[in-house]
Amino acid sequence: MVPIVGLIAKSAVNTPRLLYRYLFRCCDRLPEDAKGHYKHHVRQGFNSHEDETDPERIQQIIKKALEDADWILNKYKVETSS
């Protein structure tokens, strides 16, 4: 089953904007004490890569961010399917 967070399927995340929305919605599912930390981390990641123009590099960043999100959700044992 494809994990869905807030009407965005993980497999449909293929642009930086969709990635940002997906990651923020993943953060909303974390415990209160971790939520702010990871939202800040997501914002910082986007700010540091905002000038990236290479489509291949953007896809690498998206893939890594999705893997990291899965790891964090598993760390907090958050249910990954709605």
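**The largest pocket**

Lining the largest pocket are 24 residues, and those nearest its centre are Leu19, Leu23, Gly45, Phe46 and Ala65. This is a predicted model, in which local features need pLDDT of at least 70 and side-chain atom pairs count only at pLDDT 80 or more, while totals for chains, interfaces and linings use all residues. Residues are numbered from 1 along each chain as its sequence is written, and side-chain values use heavy atoms, with hydrogens and water left out.

A pocket here is an open set of points on a 1 Å grid over the protein atoms alone, where a 1.4 Å probe fits, with protein on both sides within 12 Å along at least five of seven lines, and lining residues have an atom within 4 Å of a point. Helix H1 (16-28), helix H2 (32-48) and helix H3 (55-75) each supply at least two lining residues, helices being DSSP runs of H or I with at least four residues, numbered from the N terminus; H3 gives the largest share, ten residues.

Lys39 touches Phe24, Cys27 and Asp28, leaving aside residues up to four places away in sequence, contact meaning heavy atoms within 4.5 Å.

Finally, Leu66 touches Lys10, Val13, Leu19 and Tyr22, again not counting residues up to four places away in sequence.
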